[in-house]
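User: Hi! Could you walk me through this model with some questions and answers?

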Amino acid sequence: MKTRRILTTLLLAGTVATATLAVSPAAQAAPNNPNCLGARAFCLWYNANQIGSVAGWDLSTGFKGFDNLANAGAFLTPGPGQGTAVKNNAASATYQYPGHCVGNVQVFYNENWSGPSDLIVACGNGNLVRTKNEDASFLVNG
């Protein structure tokens, strides 16, 4: 009898979890918007030292990153790299978070947020070292 109760409880818990997942909205990617100033945004730059074309995402919508930058589109602004796919072509990054310089964005070498990574702190920028031209995913942490 005790075993049956435990199995029933586990089965119900699994059903509730599945139902919860089914009604949760799917995460939508923020559109590529290269405006990296004056708003909460994360931007990848084609060249080192924040030079060249930019691909950027508005983070004020709750967007948390890409598990595969193949879905991120291309560098949009005029300059070296414009029209080039973002995945495996970025050399530097900027994380703008005006008035709230807490958190970071982690850029990963592999898809699905794994492998070596570079950390870009809020209100900062930097050159990608471990992931230069090998940027496959990124995740916003705060």
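User: Happy to start in the middle: which residues touch the most other members of the largest nonpolar core?

Analyst: Keep in mind that this is a predicted model. The largest nonpolar core has 22 residues. Those that touch the most other members are Phe42, Leu44, Trp57, Val86, Tyr95 and Phe138.

User: How many bridges join β1 to β4, and how many join β1 to β2?

Analyst: Let's take the two partners in turn. Strand β4 (residues 92-96) runs antiparallel to β1, with five bridges between them, and Cys43 has Thr94 of β4 as its bridge partner. On β2 (residues 51-58), also antiparallel to β1, Val54 stands opposite Trp45. The counts are five bridges for β1 with β4 and six for β1 with β2.

User: In the hairpin of β1 and β2, which residue takes a positive phi?

Analyst: Look at the turn, where three residues lie between the strands.

User: Which are the edge strands of the open four-stranded sheet?

Analyst: The strand order is β3-β8-β5-β6, with antiparallel pairing. Within it, β5 (residues 104-110) and β8 (residues 137-141) share five bridges, and Val105 faces Val140 of β8. An edge strand pairs on one side only, which leaves β3 (65-66) and β6 (114-121).

User: Is Ser117 buried or exposed?

Analyst: Ser117 belongs to strand β6. Its contacts beyond four places in sequence are Gln106, Val107, Phe108, Arg130 and Thr131, and its side chain makes a polar contact with that of Gln106 at 3.0 Å. Because its relative accessibility of 16% falls under the 20% cut-off, Ser117 counts as buried.

User: How far apart are Pro98 and Arg40 in space?

Analyst: In sequence, 58 residues separate Pro98 from Arg40. Going from C-alpha to C-alpha, the distance in space is 6.6 Å.

Definitions and conventions: Residues are numbered from 1 along each chain as its sequence is written. This is a predicted model: local features need pLDDT of at least 70, side-chain atom pairs count only at pLDDT 80 or more; totals for chains, interfaces and linings use all residues. Side-chain values use heavy atoms; hydrogens and water are left out. Two strands pair if DSSP finds at least two bridges between them. Helices (H or I, at least four residues) and strands (E, at least two) are DSSP runs, numbered from the N terminus. A nonpolar core is a set of buried Ala, Val, Leu, Ile, Met, Phe, Trp, Tyr and Cys residues joined through side-chain atoms within 4.5 Å. Buried means under 20% relative accessible area, exposed over 50%, partly exposed in between (1.4 Å probe, protein chains only). A polar contact is a pair of N or O atoms within 3.5 Å; within protein, one must be able to donate a hydrogen and the other to accept it, and residues adjacent in sequence count only if both atoms are side-chain atoms. Contact means heavy atoms within 4.5 Å.
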